[in-house]
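Subject: Structure handover and findings

Dear colleague,

Please find the structure below, together with its sequence.

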Amino acid sequence: MLPPNILRRIRAAYPVSDESLRLLSEHLTPCDFPRRYKLITEGARYPLAYFLEEGLTRSYWLVDGQEITTSFATEGAIMFSMDELYYDRPSEEFIETIEPCRCYSIPLNTLRHLFDTNIELANWGRVIHQDEYRRLHRSHKERLTLPARERYEKFQEQFPEVCLRSPLGYIASYLGITLSTLSRLRSKI
C-alpha cells in the first residue's frame, strides 16, 4: 500500500479504491533527496513524477537571473514537469527541495498509462489539476488586486506549514514582494 502521507492526500482529493491504489503503488520506487536538490531543472527532460512523503519543495522560474517562486509542495503532493507530461517538451521550471525529502518516483509513461486505463486514477489526476488551476488562478488574481498584507494573510491560510518551514525569501518571491516588506508584515501580524 501507499505511504501514509501520500495515501491521505490522494484520498482527500478523490475516493480512489484500494485496488487502484495498489496498482499505483506497484510502480513506485522510494528515493531520498538532500536539502536544495534540484528534482527538475529548466531545459532538461525528466521522465519521472515524484510523490512527496516527507519534506518540502518549491517550484520556480529563473527570470533575468532571479528566482521567482511559483509553487510549494508539502507532504502527499505529486510533482513533475507539466511540459514533459503533457507536451513532451523539456521543463520550463525548476523544482528544488527546501528540506531533505523522502519521495516515491513513478515513470511518466507509466503514470500516463494508468491515467489511460484506470478511471479512478484518471479522475484523481483531473481533480488535482483542477485544484492546481484554481490555486494558480486565485494567486494570479491576488497578486494583481490585493495589497501585500492581504496577499500574505491569504498565503498563511493556504500554506500554514510553508510559513513555518520555508525561508522567507521564497515566500516573498511567491507573493511578489521584497523580503524587507515581508519581514515588516510579519512583525505586525
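Which residue of β8 stands opposite Phe51? The residue is Tyr104. Before the details, please note that this is a predicted model, in which local features need pLDDT of at least 70 and side-chain atom pairs count only at pLDDT 80 or more, while totals for chains, interfaces and linings use all residues. Residues are numbered from 1 along each chain as its sequence is written, and side-chain values use heavy atoms, with hydrogens and water left out.

The first sheet

Helices (H or I, at least four residues) and strands (E, at least two) are DSSP runs, numbered from the N terminus. Two strands are taken as paired if DSSP finds at least two bridges between them. An open sheet of four strands has the order β1-β8-β3-β6, with antiparallel pairing. Because β1 (29-33) and β6 (78-79) stand at the edges with a single partner strand each, one side of each is left without a neighbour in the sheet.

Five bridges link β1 with β8 (residues 101-107) in the antiparallel sense. Cys101 in β8 is the bridge partner of Phe33, and Arg102 in β8 stands opposite Asp32. Five of the seven residues of β8 are buried, so the strand is mostly covered (buried means under 20% relative accessible area, exposed over 50%, partly exposed in between, with a 1.4 Å probe and protein chains only).

The pockets

Grid points are joined across faces, edges and corners, and a volume is the space filled by probe spheres set on the points.

The largest pocket has a volume of about 1,200 Å³. Its lining holds 42 residues, and Ser71, Phe72, Met82, Glu132 and Arg135 lie nearest its centre. Among the elements that each supply at least two lining residues are β4 (57-63), β5 (66-73), α3 (82-87) and α7 (160-165). The most comes from α5, with eleven residues. By class, the lining has 20 nonpolar, 13 polar and nine charged residues (Ala, Val, Leu, Ile, Met, Phe, Trp, Tyr, Cys and Pro count as nonpolar, Asp, Glu, Lys and Arg as charged, and the others, Gly among them, as polar).

The second largest pocket has a volume of about 190 Å³. It is lined by Asp131, Arg134, Arg135, Arg138, Glu142, Lys154, Glu157 and Gln158. Two or more of these residues come from each of α5 and α6 (148-158), and α5 has the largest share, five residues. This lining has no nonpolar, one polar and seven charged residues.

Yours sincerely

Note on methods:
On a 1 Å grid over the protein atoms alone, a cavity is a set of points where a 1.4 Å probe fits but cannot get out, and a pocket is an open set with protein on both sides within 12 Å along at least five of seven lines; lining residues have an atom within 4 Å of a point.
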